[in-house]
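Here are my notes on the model you sent. Please read them with the structure open beside you.

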Amino acid sequence: AAGMFLRLLSDVRWRAANPKWRRMTCSRRSTSSTAEPHPVSLPAQAQVVICGGGIMGTSVAYHLSKMGWKDIVLLEQGRLAAGTTRFCAGIVSTARHVSIELKMADYSNKLYQQLEQETGVKTGYVKTGSISLAQTQDRLISLKRIASSLNVMGIPCEIITPKQVAQLHPLINIHDLVGAMYVPEDALVSSANVSLALATAASRNGVQIHERTSVSHVSVQKGRVTGVETDRGQIQCQYFINCAGQWAYELGHSGEEPVNIPLHACEHFYLLTHPLKEPLASNLPTIVDPDGRIYIRNWQGGILSGGFEKNPKPLFTEGRNQLEIQNLQEDWDHFEPLLSALLRRMPDLEALQIMQLVNCPESFTPDMRCIMGESPTVRGYFVLAGMNSAGISYGGGAGKYLAEWMVNGYPSENVWPLDLKRFGTLQSSRTFLRHRVMEVMPLMCDLKVPRWDFQTGRQLRTSPLYDRLDAQGARWMEKHGFERVKYFVPPGKDLLDLDQSKTFYKPDWFDIVGSEVKCCKEAVCVIDMSSFTKFEISSTGDQALENLQYLFSNDLDVPVGHVVHTGMLNEKGGYENDCSIARLSKRSFFMISPTDQQVHCWAWLKNRLPDDSTLTMEDVTWKYTALNLIGPRAVDVLSELSYAPITPEHFPSLFCKEMSVGYANGIRVMSITHTGEPGFMLYIPIEYALHVYNEVMNMGQKYGIRNAGYYALRSLRIEKFFAFWGQDLDAFTTPMECGREFQVKLEKGMQFVGQEALLEQKQNGVYKRFTMFILEDHDTDMDLWPWWGEPIFRNGRYVGKTTSSAYSYTLERHVCLGFVQHFDEKTGEELVVTTDFINQGEYEIDIAGQRFQAKAKLYPFSSLFTHRRRKDEVELSGYQRE
Amino acid sequence: AIPVRSSRLPLLSDAMPAPAHLFPLIRNCEISRICSTVCYCHHKHLCCLSHFAHSHFRYASQKKLVALHRPKENFNHFIHTRDYASTPQRFYLTPPQVNSILKANEYSFKVPEFDGKNVSSVLGFDSNQLPANAPIEDRRSAATCLQTRGMLLGVFDGHAGCACAQAVSERLFYYIAVSLLPHETLLEIENAVESGRALLPILQWHKHPNDYFSKEASKLYFSSLRTYWQELIDLNSGETTDVKEALINAFKRLDNDISLEAQVGDPNSFLNYLVLRVAFSGATACVAHVDGVDLHIANTGDSRAMLGVQEEDGSWSAVNLSYDHNAQNEHEVERVKMEHPKSEEKSLVKQDRLLGLLMPFRAFGDVKFKWSIELQKRVVESGPDQLNDNEYTKFIPPNYHTPPYLTAEPEVIHHKLRPQDKFLVLATDGLWETMHRQDVARIVGEYLTGVHHQQPIAVGGYKVTLGQMHGLLTERRARISSVFEDQNAATHLIRHAVGNNEFGTVDHERLSKMLSLPEELARMYRDDITIIVVQFNSHVIGACQNEEL
């Protein structure tokens, strides 16, 4: 290991001799002109091979080696930290919208701060703080929301006035500002040196680093990684980590078994200047001006300023080699809007001399979040890439979570929003990626308002009813590539333009959704829910039942024709999936899961079901169109169409029957609605979809039937306190924590995954509790609307965050769902949350800094609604995330 | 009430103070601001004759012909100017208003394509004109020859009124077409006329609605033309028609007919006055005849033809295809002097003008420089009263001893088109006074090939500040947006000619001020501008070239 470290140092020395490199890194190592060292031959095998020596690769290597994995080889096709990492602006910013990203950035900041001390490599870490400017009130709201999240996480942060901005930064023109957010602990680093420091530490821990070695492809046998082929030979390995940055997509597709890593590079420009006459202080705060689409940091007495333009230039769509990255051209005409924004923000810079316009490609993902985790198709193939230009902010945290994932089987935080398995093959089209990243890159600076839908890459997966619904005024959103209706605009009514409809307040569709909800409550509505993931699992013998009984927490050994709501739990009892399973026959089951579970659930089950030809699992999502018939008159419509008795005696709740509807036979009808309202789900073979829809609409006319969308569904399920997987539930939430003990059969005569953890929780109590909050003093018309991620305060102390919210048209109040924790007042230690603790508190919800009183409830308002049988009340399920 | 006294006028010959002299005239500070920012100083056109100084004299600093004007009318002009000046007025046109002014006269023609058969070497042309005189004295014509191959395009710059330019624009192409026709076709046409049958059409005109033809004179013009072709039939040389010769003959014949018609007069008093006005006014002509790869430019006067050539590196250069016939052209001065006795050498060219009066050294009409004094006097005296009242027509140029001093004979240049010859610009001197031909070539070239040919900027090792870079980028963007505004290359060129600032980019404010000048002032800051941009078909030209090889 010591020898290896020496080799690494000699590498660094060689690099220092290269003047270009010296300029970029300001390496203070000796400038001896040692020739390139003789390459050390590659080992024949290793436990882990990491491909990519940028910030991601070195961070994963660092964390893995710290956690005790020593047999690691890191391969870099060029030089360490020579790709995007080298060109990166080096801003460590914690101001993030998504909580997991915020945590990663916070960890990275803390890691980098002590890295120089730990490794002896100068990282250039300077705590400068950062100021995010708001030119509009909406932007200020957005910043206030982030400030609320940062504060409850213990990250210092304050909303300041334009005058205070001027005091913190002498050059800023504050005339068009309405406010700003100041995060004093944000920092600047030399990103390449951080990467080198991580590599140095990893090398000391035994990681072998080989530069100038490119991976040609990854060898796979029986769905497992077995080794990598490089231009310098083969290495056998158990784990492979793709940290190839913008080349990750190509590398993923290079093997026989392709791994889809949906990311695409865009050109990204930033400007370097010579020092000012009075050189800028190195601790001057970094400025982020999202309305001007730019960031500005101090750089060697001058400034470094770049941004995210409205018209990005995607590149490498056809795939290129790395050599071209050095030859990317400066494009001043393209940079002009950003330069204008810079000079508007800092007019005194006019006389400042330009040093260089750097063109540094960054990779972007289809949903603006990074990609990490294990491939759903190849076990042992891990990915960490697609940082959406925040690589240095996420580097430390992302490396840590991935290392935990590999060593412990799962990270210490819920990383589902970043999980590779949220994507499928459908997001891997080059055309899709190219179009989508052109939308994503400008979004980096756009206002992030609730219920934003991507406009590119749409109409990919659609229901056969798409055109029919569209003609009736449907407005669409997209989930996992599937078009779903938000609501139906009645004829003659116009909504705002897309841009104008962006708001943190009451949206323009409020009344439209209100009338859809009313119809669900009083008559009957149809919602096309075809996007749900549907699997069929069957076997020749009892294998299906036996395996499912082990993998699912509820008892599936129910009479044929019953539907069971159950969690698919992990060993810790957390929800990997939340689904409904219908027993079609003794030996076959029909499983319905949320839309974005298509890849994750498939991989989870595939990896755990025995490789047995007598047990088959099929993804039948595409085979069925699903119509949700919600409302008290649903039963009338259905009985008229089927001439079958649908009364509760013949068709009780949570039942599944194959029957004919209209002329069409073989329709799977289930007495569930995913909302707690009475009604039925119709699973229709797609060729009958139009027929059944027409029949339902015709027959329903006399019962006042109308179309409805997901916004109505969401309002209904939230006011009924239904949790949705992916939004409210995740791998860190157990049924015990969200009042779903009744969906778990602890004594079903056999073991199941997560059973021990649940038994322990049952005994010792839970540390967080899913709670429903009704906002008391909130004015729907005038006040900011809750979204999700709002801090919850109990008796003035922070106890948790909301996970979803909706306006309840029945209660005429906003309802927020969220988790309440109990932190010890002195030590901050997590304590058991009891029912009394929930019930005996005064609650407030913080929306962008403004607190609203809220009433906490652990059970839905059953009294408000018509009383139903027990079975109805326990129908708790839900599949979509907003 | 007239604030400018005649004694001051000679001072105007000095270029720079010219606008300054107007300031006492115009107290409105808004105008003085315009003057100081937008005035072009065409000192070479300034001319002040001492014996003219006593008469009321219009501030025609750029007038082609130093002219006497009817005093009453002129007097009113000054009054009007004062009235105008004392009324505060904002000079601001919005971009759409600017565009509607610039585009009012634009015209485009695309040569229709016929399935790869007999495809023309001309893709089409754009033309436009912007008046400074009211009414405009420039004319333009474009037509396709129907009985022979080829396309004719021309710009005509009139002086001392627009009558001559109008007549030339209507008639010249017929003269050229007839000169080019083979004997059999001429016979056929003559027979048709003789027997009252329908005439073969000779030309297909490509006209803007504003380009009118005089109905009253058409019969007269036709009979003159018929006389010409009858003579051609009689002369039948049996040789194939040489384009160069045809052009020269046509020019000379038309000028001759104009002169004769004025001498003979017409019983119709309107027509009689018309032919006299045509003859006493003048016009230059610059005509292009394109047939396959053969491009002929026939030029009389100081309009100009310029070829836009794209070099191998993509840059643009300009090739002149005509020589200006004016005092700046040594050969012209030499020619004029050769044609007259040595005793007149000193009086022939004064203040860069022919006989101290006329800027172009060749022109149509202008019988004052062609006829003998006796003929002039006879025609004027026997002519209508309007003619007699006009001091200009009665005035005999000084040192007028051995007429004619002026000819309409063109200089013809033949050019074989090459694939790198992308376009031809024909324009009156209103354009060339404001823009260098190299800039014209670049602006049109970049316009026609699209903006993506704009060279990218690289800072390299230069010392550039953020502010300088910002300024440069803003200009480039403005240039791109001005290209997108125009669908017509001639319009685009006019926008630059009128609105260019010191950086060579269109400045909207300047453009707006220039275009909002009142009629009286406009002529002082610019001349009429008429432009035709002909775009060549490089593929066809390349193919023709290969065939010839």
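This is a predicted model: local features need pLDDT of at least 70, side-chain atom pairs count only at pLDDT 80 or more; totals for chains, interfaces and linings use all residues.

1. Chain A overall. Chain A has 882 residues, and 64% of them count as buried. Its secondary structure consists of 22 helices and 42 strands. Taking the contacts in chain A with a separation of 6 or more, 73% are between residues 24 or more positions apart.

2. The largest nonpolar core. In soluble globular proteins, nonpolar side chains tend to be buried together. Here the largest nonpolar core holds 57 residues. The members that touch the most other members are Leu172(B), Phe173(B), Ile176(B), Leu203(B) and Phe364(B). Helix H5 of chain B, residues 163-180, supplies the largest share of this core, with 12 residues.

3. Extent of the interface. The size of an interface is often given as the accessible area lost when the parts come together. Between chain B and chain A the buried area is about 1,400 Å², and carbon and sulfur atoms give 61% of that area. The contact involves 16 residues from chain A and 14 residues from chain B. On the chain B side, Leu466(B), His470(B) and Leu473(B) lose the most area to chain A; together they account for 43% of what that side buries.

4. Which polar links cross from chain B to chain A? There are six residue pairs in polar contact, counting pairs with both residues at pLDDT 80 or more. Sorted by class, the side of chain B that touches chain A has seven nonpolar, four polar and three charged residues.

5. Thr284(B). This residue lies in strand S6 of chain B, which covers residues 282-291. Is Thr284(B) buried or exposed? Thr284(B) counts as buried because its relative accessible area is 0%, and the cut-off for buried is under 20%. Leaving aside residues up to four places away in sequence, Thr284(B) touches Val155(B), Phe156(B), Asp157(B), Thr300(B), Gly301(B), Asp302(B), Ser303(B), Pro360(B) and Arg362(B). With one of these, Ser303(B), the contact is also polar: the two side chains make a polar contact at 3.4 Å.

Conventions: Residues are numbered from 1 along each chain as its sequence is written. Chains are lettered from A and ligands numbered from 1 in the order in which they are written. Side-chain values use heavy atoms; hydrogens and water are left out. A nonpolar core is a set of buried Ala, Val, Leu, Ile, Met, Phe, Trp, Tyr and Cys residues joined through side-chain atoms within 4.5 Å. Buried means under 20% relative accessible area, exposed over 50%, partly exposed in between (1.4 Å probe, protein chains only). Helices (H or I, at least four residues) and strands (E, at least two) are DSSP runs, numbered from the N terminus. Contact means heavy atoms within 4.5 Å. Buried area is the accessible area (1.4 Å probe) that two parts lose on being put together, summed over both. A polar contact is a pair of N or O atoms within 3.5 Å; within protein, one must be able to donate a hydrogen and the other to accept it, and residues adjacent in sequence count only if both atoms are side-chain atoms. Ala, Val, Leu, Ile, Met, Phe, Trp, Tyr, Cys and Pro count as nonpolar, Asp, Glu, Lys and Arg as charged, and the others, Gly among them, as polar.
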